[in-house]
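Dear colleague,

Please find below the structure I am handing over to you.

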Amino acid sequence: MRITGRVAIVTGGGGGIGAAIGAALAAAGAKVVLADIDEAAAHHAATAITATHPQAAIAVGADVTDSAAIAGLIATAQQNFGPVDLYFANAGTMGAPGLGADADWDVALAVNLRAHVRAAEQLLPQWLERGAGYFVATASAAGLLTQIGGAAYAVTKHAAVGFAEWLAVTYGDRGVRVSCLCPMGVETPLLYAGQHSGDPIGAAATRAVTAAGEVLSPDRVARDVLTAIEDETFLILPHPQVAQMFAQKASDYDRWLRGMRRYQAMLLEDSDGTV
C-alpha cells in the first residue's frame with residue numbers, strides 16, 4: 001500500500017510511537033487523526049505535525065476502549081478527510097507488576113486487546129465492501145517472547161498478536177492487510193513504567209528490556225512501520241534479534257523457559273524481589 005493520499009487513525013497518538021507514526025504518515029502525504037485519552041497531548045502532537053504539514057493532522061481526545069469513541073473517531077476522519085484507509089491500534093498500557101488484581105486485568109484486556117477487536121468490528125464492513133483497508137496492531141516483543149514482570153502485559157500482548165494473525169488469515173484474501181509491530185525497547189514513558197512502580201519485579205521488567213538490546217527512538221520505529229506497510233509485511237521487528245529469539249523459543253520451549261528463569265533470577269538478584 002502506498003501512503004500518499006491515505007487517511008489514517010492513530011490511537012495512542014499523543015506521544016511515543018503513536019505520535020512518531022502520525023508524523024511519519026503526514027510526511028509521506030497521508031491525512032491523520034491522532035487519538036489519545038490525553039486530549040492535550042494529542043493536540044500537542046497534531047500541532048507539531050501541522051507546523052510543517054498544514055492541514056495534515058487533527059487531534060481527538062478519546063478512550064479507545066469505548067466502541068462509541070471509536071465510532072466517533074471514524075466519523076471524524078470521514079468528515080474531515082474521507083474514508084479511513086489505515087487504522088493503527090497503538091494505544092497500550094503496561095499494567096501492574098506481577099500477577100495483578102482483577103481490576104488490573106480488566107484495564108490491560110480493554111486497552112491492549114479489546115480496543116483492537118472493537119475497532120476491527122467497525123472498520124471491517126466498509127473495508128470489505130471497498131476491498132481494501134489496513135490494520136496495524138502495536139503489540140510488543142513480549143507478544144512473541146513473553147515479558148518478565150507483569151502477567152497482564154505479557155498475556156494481552158500475546159493476544160494482540162493472535163488477533164492480528166486471525167485478521168490476516170481471515171480477511172487477507174478480501175483486501176484487508178494487517179501488520180503487527182513487535183519491538184523491544186523504545187524510548188517512551190511506557191518502557192520505564194516498571195522501573196518507577198516501586199515493585200522489584202516491575203523494575204526487573206524494565207531492566208529485562210533495556211539490557212536485551214538497543215533502546216530505539218520512536219522515529220526509528222515509525223520508519224520501520226511505514227516500510228512494512230508499503231511492503232505489506234505482517235511482522236514488524238525493529239529489533240531483528242527478536243526473530244532469532246522467537247525461532248529459538250519455538251525450537252526448544254523447555255530450554256527457552258529455563259533460560260528465562262535464569263535471566264529473571266539474575267535481574268532480581270540485587271533487589272531481593274519475588275514474583
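Which residues does Phe135 touch, not counting residues up to four places away in sequence? In this predicted model, Phe135 is in contact with Tyr87, Ala89, His116, Ala119, Ala120, Trp127, Leu167, Arg177, Val178 and Ser179.

Phe135 is also one of the residues with the most contacts inside the largest nonpolar core, together with Ile9, Leu73, Tyr87 and Leu167. That core has 42 residues, and helix 4 (residues 102-130) gives the most to it, with 8 residues. A second, separate core comprises 35 residues, among them Val10, Ala57, Ala59 and Ala222. In soluble globular proteins, nonpolar side chains tend to be buried together.

The volume of the largest cavity is about 40 Å³. Its lining consists of Thr11, Val64, Tyr87, Ala89, Asn90, Ala91, Val111, Ala115 and His116. Strand 4 (86-89) and helix 4 are the elements that give two or more residues to this lining, and helix 4 gives the most, with 3 residues. By type, the lining residues of the largest cavity divide into 6 nonpolar, 3 polar and no charged.

The lining of the second largest pocket contains 8 nonpolar, 6 polar and 1 charged residues.

With kind regards

Terms used: Residues are numbered from 1 along each chain as its sequence is written. This is a predicted model: local features need pLDDT of at least 70, side-chain atom pairs count only at pLDDT 80 or more; totals for chains, interfaces and linings use all residues. Side-chain values use heavy atoms; hydrogens and water are left out. Ala, Val, Leu, Ile, Met, Phe, Trp, Tyr, Cys and Pro count as nonpolar, Asp, Glu, Lys and Arg as charged, and the others, Gly among them, as polar. A nonpolar core is a set of buried Ala, Val, Leu, Ile, Met, Phe, Trp, Tyr and Cys residues joined through side-chain atoms within 4.5 Å. Buried means under 20% relative accessible area, exposed over 50%, partly exposed in between (1.4 Å probe, protein chains only). Helices (H or I, at least four residues) and strands (E, at least two) are DSSP runs, numbered from the N terminus. Contact means heavy atoms within 4.5 Å. On a 1 Å grid over the protein atoms alone, a cavity is a set of points where a 1.4 Å probe fits but cannot get out, and a pocket is an open set with protein on both sides within 12 Å along at least five of seven lines; lining residues have an atom within 4 Å of a point. Grid points are joined across faces, edges and corners, and a volume is the space filled by probe spheres set on the points.
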